Amino acid sequence: MDNIIMNKTAVALLEQWDPFHIGENGYDTETADVVAALQEIDDPSQLAKVIQQVYEHSFEQWIPFEKCVEISYKLIAIKFEAKCIV
């Protein structure tokens, strides 16, 4: 799995996540920011902080950190699966 497939898989996961229940296509900017951060971050807690900040900045709504950690672990798993397949 290369970066393109990893990014598409990560985008699909983030679109399904829908933390504010606005529909799958309501998070294009946030999804792009999180996927970009995923390229650089391997630590789930650090990625969760980025996720929380990105979504809170855009929507001015708070997401519990635990929910951000949950999605960050799934994203990190996608990333490491991509690295192992290469």
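Before you click, remember that the model is predicted: local features need pLDDT of at least 70 and side-chain atom pairs count only at pLDDT 80 or more, while totals for chains, interfaces and linings use all residues. Residues are numbered from 1 along each chain as its sequence is written, and side-chain values use heavy atoms, with hydrogens and water left out.

**Stop 1: α1 and α2**

Select residues 3–17, helix α1, and residues 28–40, helix α2. Helices here are DSSP runs (H or I, at least four residues; strands are E, at least two), numbered from the N terminus. The two pack at an angle of about 135 degrees, and their axes are 10 Å apart. Axes are lines fitted to C-alpha atoms, for helices over the stretch in contact, and angles run from 0 to 180 degrees between N-to-C directions. That makes α1 oblique to α2; angles under 35 degrees count as roughly parallel, over 145 as roughly antiparallel, 65 to 115 as roughly perpendicular and the rest as oblique.

Now show the side chains that touch (contact means heavy atoms within 4.5 Å). On α1, pick Asn-3, Met-6, Asn-7, Ala-10, Val-11, Leu-14 and Glu-15. Across from them on α2 you'll find Asp-28, Thr-31, Val-34, Val-35, Leu-38 and Gln-39. Sorted by type, this contact has 7 nonpolar, 4 polar and 2 charged residues. (Ala, Val, Leu, Ile, Met, Phe, Trp, Tyr, Cys and Pro count as nonpolar, Asp, Glu, Lys and Arg as charged, and the others, Gly among them, as polar.)

**Stop 2: Thr-31**

Stay on α2 and click Thr-31. Is Thr-31 buried or exposed? With 4% relative accessibility, Thr-31 counts as buried (buried is under 20% relative accessible area, exposed over 50%, partly exposed in between, using a 1.4 Å probe and protein chains only). Skip the neighbours within four places in sequence, and Thr-31 is in contact with Val-11, Leu-14 and Tyr-55.

**Stop 3**

**Stop 4: Ser-72**

Finally, head to helix α4, residues 65–85, and pick Ser-72. Ser-72 counts as buried, at 0% relative accessibility. What does Ser-72 touch, not counting residues up to four places away in sequence? Look for Pro-44, Leu-47, Ala-48 and Ile-51.
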